[in-house]
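Dear colleague,

Please read the two together.

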Amino acid sequence: MCKIEREEKKSFCFLTSLPVRKKNVCDLVEKGRMRWKIENEGFNTQKNQGYYLKHLFSKNYQGIKNHYYLIQIGHMIAQIMETWGRLWEGMHLSMEQKHQKILESFQAVRLKEYIGIKKNIQIRLQ
């Protein structure tokens, strides 16, 4: 039995492509529940905190997908800005200086997915 103590007994079903053994089942369950919690919190934020996820902005399937992708991107940007805001507390930089530092960090880190691309790209923060 896993070390998860609950007041009432509940049954859960899990699907995974990972090999499940007696010695790793508790760890898989705990990690799966943690992942579910993170995904569910993000979904609830997008639905209830101004992202209007529950509103149907289109009847076109591709339009619905595009709208959802934009919600995901907007939520991600908001999380980054919130985190950066906490990092910059106490630092006396102008908005332009902060944007410059973000731009420099984007230019300094090379993602392995883009190493083989020989096309120049531009990043503009305004």
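The structure holds three salt bridges, a salt bridge being a side-chain nitrogen of Lys or Arg within 4 Å of a carboxyl oxygen of Asp or Glu. This is a predicted model, in which local features need pLDDT of at least 70 and side-chain atom pairs count only at pLDDT 80 or more, whereas totals for chains, interfaces and linings use all residues. Residues are numbered from 1 along each chain as its sequence is written, and side-chain values use heavy atoms, with hydrogens and water left out.

K31 pairs with D27, the closest N and O atoms lying 3.0 Å apart; the two are four residues apart in helix α1 (residues 25-48), so about one helical turn separates them. K31 is partly exposed at 46% relative accessibility, and D27 is partly exposed at 40%, where buried means under 20% relative accessible area, exposed over 50% and partly exposed in between (1.4 Å probe, protein chains only).

R35 forms a salt bridge with E39 at 2.8 Å between the closest N and O atoms, and R35 counts as exposed at 58% relative accessibility, while E39 is partly exposed at 45%. For K37 and E41 the corresponding N and O atoms are 3.9 Å apart, and these residues, too, are four positions apart in helix α1.

As for the whole protein, there are three helices and zero strands, both taken as DSSP runs numbered from the N terminus (helices H or I, at least four residues; strands E, at least two). Buried residues make up 8% of the 126 residues.

Best regards
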